[in-house]
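Please read it beside the sequence and the coordinates.

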Amino acid sequence: MQTKKVKVTNPYASAVGLRLMDGMREVLVHPKGFIMLDSEEIFYINNMSSIFSKRRLLVQDDEVNMELGLISESTDVVGMNDEQIETLLKGNIMTMKKHLSGITDKQVIGRVIEVSKKIEDLATGKLKIIQEISGYDFDQLISAE
């Protein structure tokens with residue numbers, strides 16, 4: 001099998017460390033950053049951990065995602081990039097509520113909040129939905145940093 005370099009991104013606000021196939025090398029994927037890994041390394045890391053299946057890191061190659069079994073028919077907020085989350089937040093309120101209602105992971109909720117802070121004209125009803133899901137105070141969501 002021909003190995004190819006694949007872009008792996010970290011969409012979260014915390015760094016993620018990886019131990020590579022040789023057992024000696026370790027890499028750190030910085031917040032909102034990316035690294036290029038061989039597809040064989042990705043398969044090895046996927047076998048040793050659940051970091052890709054839990055979407056802590058996102059593989060930016062459809063072919064590799066297909067081989068890992070990470071492509072799903074439903075659009076999951078965990079696998080979305082910031083632009084896709086912004087489009088979801090700016091779209092229909094019922095669609096947004098449907099996608100956000102099942103989220104329990106605090107890191108994913110934090111990503112949604114960070115993206116929502118960047119949108120200046122987000123409707124109050126949408127902010128209330130985000131507040132209900134996150135459990136954060138409403139004033140924290142509308143405060144500009």
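## Terms and basis

In the residue classes used below, Ala, Val, Leu, Ile, Met, Phe, Trp, Tyr, Cys and Pro count as nonpolar, Asp, Glu, Lys and Arg count as charged, and the others, Gly among them, count as polar. The model is a predicted one, in which local features need pLDDT of at least 70 and side-chain atom pairs count only at pLDDT 80 or more, while totals for chains, interfaces and linings use all residues. Residues are numbered from 1 along each chain as its sequence is written, and side-chain values use heavy atoms, with hydrogens and water left out.

## Overall architecture

The protein has 7 helices and 5 strands, where helices (H or I, at least four residues) and strands (E, at least two) are DSSP runs numbered from the N terminus. From the N terminus on, these elements follow the order β-β-β-β-α-β-α-α-α-α-α-α.

Of the 145 residues, 39% count as buried, a term that means under 20% relative accessible area, with exposed being over 50% and partly exposed in between (1.4 Å probe, protein chains only). The protein exposes about 8,800 Å², of which carbon and sulfur atoms supply 50%; such areas come from the Shrake-Rupley method with a 1.4 Å probe, and for residues only the protein chains shown count as cover. Among contacts (heavy atoms within 4.5 Å) with a separation of 6 or more, 57% come from residues 24 or more positions apart.

## Strand pairing

Two strands pair if DSSP finds at least two bridges between them. Strand S1 (residues 5-9) runs antiparallel to strand S4 (residues 34-38), and 5 bridges join them; within this pairing, Lys7 has Met36 as its bridge partner, and Val8 has Ile35. S1 also pairs with strand S5 (residues 58-59) in the antiparallel sense over 2 bridges, with Thr9 standing opposite Leu58.

In a regular strand the side chains alternate between the two faces of the sheet. In S4, Ile35 and Leu37 form the covered face, whereas Phe34, Met36 and Asp38 form the uncovered one.

## Positive phi angles

Most residues other than glycine have a negative phi. Lys32, although not a glycine, has a positive phi of about 60 degrees; this residue lies in the loop between strand S3 (26-29) and S4 and is partly exposed, with a relative accessible area of 47%. Arg55 likewise is not a glycine and has a positive phi of about 65 degrees, but Arg55 is found in the loop between helix H1 (39-48) and S5 and is buried, with a relative accessible area of 17%.

## Helix packing and the cavity

In H1, the residues Ser39, Glu41, Ile42, Phe43, Ile45 and Asn46 are buried. The buried residues of H1 pack against S1, strand S2 (16-19), S4, S5 and helix H2 (62-68).

A search of the whole structure finds 1 cavity of 30 Å³ or more. On a 1 Å grid over the protein atoms alone, a cavity is a set of points where a 1.4 Å probe fits but cannot get out, and lining residues have an atom within 4 Å of a point; grid points are joined across faces, edges and corners, and a volume is the space filled by probe spheres set on the points. The largest cavity has a volume of about 40 Å³, and Leu100, Ile109, Val112, Ile130, Ile133 and Ser134 line it. Helix H5 (106-118) and helix H6 (124-134) are the elements that give two or more residues to this lining, and the largest share, 3 residues, comes from H6. By class, the lining has 5 nonpolar, 1 polar and no charged residues.

Terms used:
1 Å grid on protein atoms, 1.4 Å probe; cavity = no way out; pocket = protein on both sides within 12 Å on 5 of 7 lines; lining within 4 Å.
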